[in-house]
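Reader: I'm new to this one. Can you walk me through it?

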Amino acid sequence: MKMTWNSLPQKSDLTTDQVRDVFSRILHEMGLTVNSLKVGIKRAVVQAEVQFDDKRNVALNYDDYWLNTLAEDEVTAVLSHESCHIATIPDSRIVTFGPTPDLVAAFIEIFDEYLVHTEFARRFRGTRTFDAFSEYKTRDFWSYENILKGVREGLTNPARGLFSILNDAIYFPIVGDRRFVEWCDKNNLRKLPQFLDWLLHDFRLIENLKLERMKAMEIIALEGILSLSVSGQILLTSGDILFVDSAPEAEDALSQKTIELADIWRNRRTGAAVK
Ligand SMILES: [Zn+2]
């Protein structure tokens, strides 16, 4: 997500070597062994991002202008988050499926964030790093408002806008932080927290299947397609949950592959057993 952080005050000034040292220390403290580590600057494309293969060759790229707007304990928190990516999946490659591969890839990234925040809370709750990350997340709402504006003005694809918000917002219910629900209330997005809870419910279910990564991505892709049966446009404008006309078709098509998820979504649509 792009932010105009140029307008934010500078709070730190770490060199690439220092960032590398901080990141290495975190990996070491988390007991994560890597084969190689490359740290580089990529301005205006990413904020901070790790990429790694299954041999644990890791590349950390970050925008130094952005990183400098974080206090040093926030830098540690953000890099700890990135380390949790390495702790939770075998490699960072995303394989996408179906007729809307970009959206499905974005959806798989939401699932990955779910894994990471769960891991982050497990490892860091009660520490300064956890609190610093929580402070850092205050910034999210500014970016959500921009996305919302884009969707409401017809400039942003609603499903893409929805997934962008949820990619960051999934943090809040995982750690039991009410700020997202409060923000939704304030912006008349009454049912958005419920939609996010549905995804969270299904992500837990998928995680508990303990599938190998490729199989998991396939199931998450199906979950993503089922979730697209809810109109992102309505969800982000009037705040209601409305299933599109093609929802039953999607459920039928996917019920052969994942009976449970298709049934769960059908029940949500028909109100049979709304969680
Ligand atoms: Zn992440």
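Reader: Let's start inside. How many residues does the largest nonpolar core have, and which have the most contacts inside it?

Author: First, a caution: this is a predicted model. The largest nonpolar core holds 48 residues. Those with the most contacts inside it are Phe-107, Phe-163, Leu-166, Ala-169, Ile-170, Ile-225 and Leu-226.

Reader: What gives the most to this core?

Author: Helix α4 does, with 8 residues.

Reader: And Ala-169, what does it touch, leaving out residues up to four places away in sequence?

Author: Ala-169 touches Phe-180 and Leu-196.

Reader: What about a second core: which residues does it include?

Author: The second core is separate and has 17 residues. Among them are Val-50, Val-58, Val-78 and Ala-132.

Reader: Back to α4. At what angle do α3 and α4 pack?

Author: About 110°, with the two axes 8 Å apart. Helix α3 covers residues 72–88, and helix α4 covers residues 101–124. Angles of 65 to 115 degrees count as roughly perpendicular, so α3 is roughly perpendicular to α4.

Reader: Which residues make the contact?

Author: From α3, the contact uses Ser-80, His-81, Cys-84, His-85, Ala-87 and Thr-88. From α4, it uses Asp-112, Leu-115, Val-116, Glu-119, Phe-120 and Phe-124.

Reader: How do the residues of that contact divide into nonpolar, polar and charged?

Author: The contact of α3 with α4 has 6 nonpolar, 4 polar and 2 charged residues.

Reader: Zooming out. What domains does the assignment give?

Author: Domain 1 is 1–93, and domain 2 is 95–275. Their C-alpha centres lie 24 Å apart.

Reader: How many residues does the contact take from each domain?

Author: It takes 18 residues from domain 1 and 18 residues from domain 2.

Reader: Is Arg-56 buried, exposed or partly exposed, and why?

Author: Arg-56 is partly exposed, because it has 16 other C-beta atoms within 10 Å.

Reader: What is the phi of Lys-210?

Author: The phi of Lys-210 is near 50°. That is a positive value in a residue other than glycine.

Reader: Where is Lys-210 found?

Author: In the loop between α10 (192–208) and α11 (213–227). Lys-210 counts as exposed, because it has 7 C-beta neighbours inside 10 Å.

Reader: Let's look at α10. Where does Phe-203 lie, and is it buried or exposed?

Author: Phe-203 lies in helix α10. It has 21 C-beta neighbours inside 10 Å, so Phe-203 counts as buried.

Reader: What is Phe-203 in contact with, leaving aside neighbours within four places in sequence?

Author: Phe-203 is in contact with Phe-111 and Tyr-114. As for Trp-142, its C-alpha atom and that of Phe-203 are separated by 26 Å. Those two are 61 residues apart along the chain.

Reader: What separates Glu-207 from Tyr-114?

Author: Their C-alpha atoms are separated by 9.8 Å, and along the chain they are 93 residues apart. Glu-207 is in helix α10. Glu-207 counts as partly exposed, because it has 16 C-beta neighbours inside 10 Å.

Reader: Now the loops. Where is Ala-71?

Author: Ala-71 is in the loop between α2 (64–67) and α3. With 13 other C-beta atoms within 10 Å, Ala-71 is partly exposed.

Reader: And which residues is Ala-71 in contact with, leaving aside neighbours within four places in sequence?

Author: Lys-11 and Ser-12. Ala-71 and Lys-11 are 60 residues apart in sequence and 4.9 Å apart in space, C-alpha to C-alpha.

Reader: Last one. Is Asp-245 buried or exposed?

Author: Asp-245 is exposed, because it has 7 other C-beta atoms within 10 Å. It is found in the loop between α12 (232–237) and α13 (247–255). From C-alpha to C-alpha, Asp-245 and Gly-150 are 25 Å apart in space, and they are 95 residues apart in sequence.

Terms used: Residues numbered from 1 in each chain as written. Predicted model: local features only at pLDDT ≥ 70, side-chain atom pairs only at ≥ 80, totals over all residues. Axes fitted to C-alpha atoms, helices over the stretch in contact; angles between N-to-C directions. Helix = DSSP H or I, 4+ residues; strand = E, 2+ residues; numbered from the N terminus. Parallel < 35°, antiparallel > 145°, perpendicular 65-115°, else oblique. Contact = placed C-beta atoms within 7 Å. Nonpolar A, V, L, I, M, F, W, Y, C, P; charged D, E, K, R; others polar. Core = buried A, V, L, I, M, F, W, Y, C linked by C-beta atoms within 7 Å. Buried ≥ 20, exposed ≤ 12 C-beta atoms within 10 Å, placed from the backbone. Domains from an automatic or database assignment.
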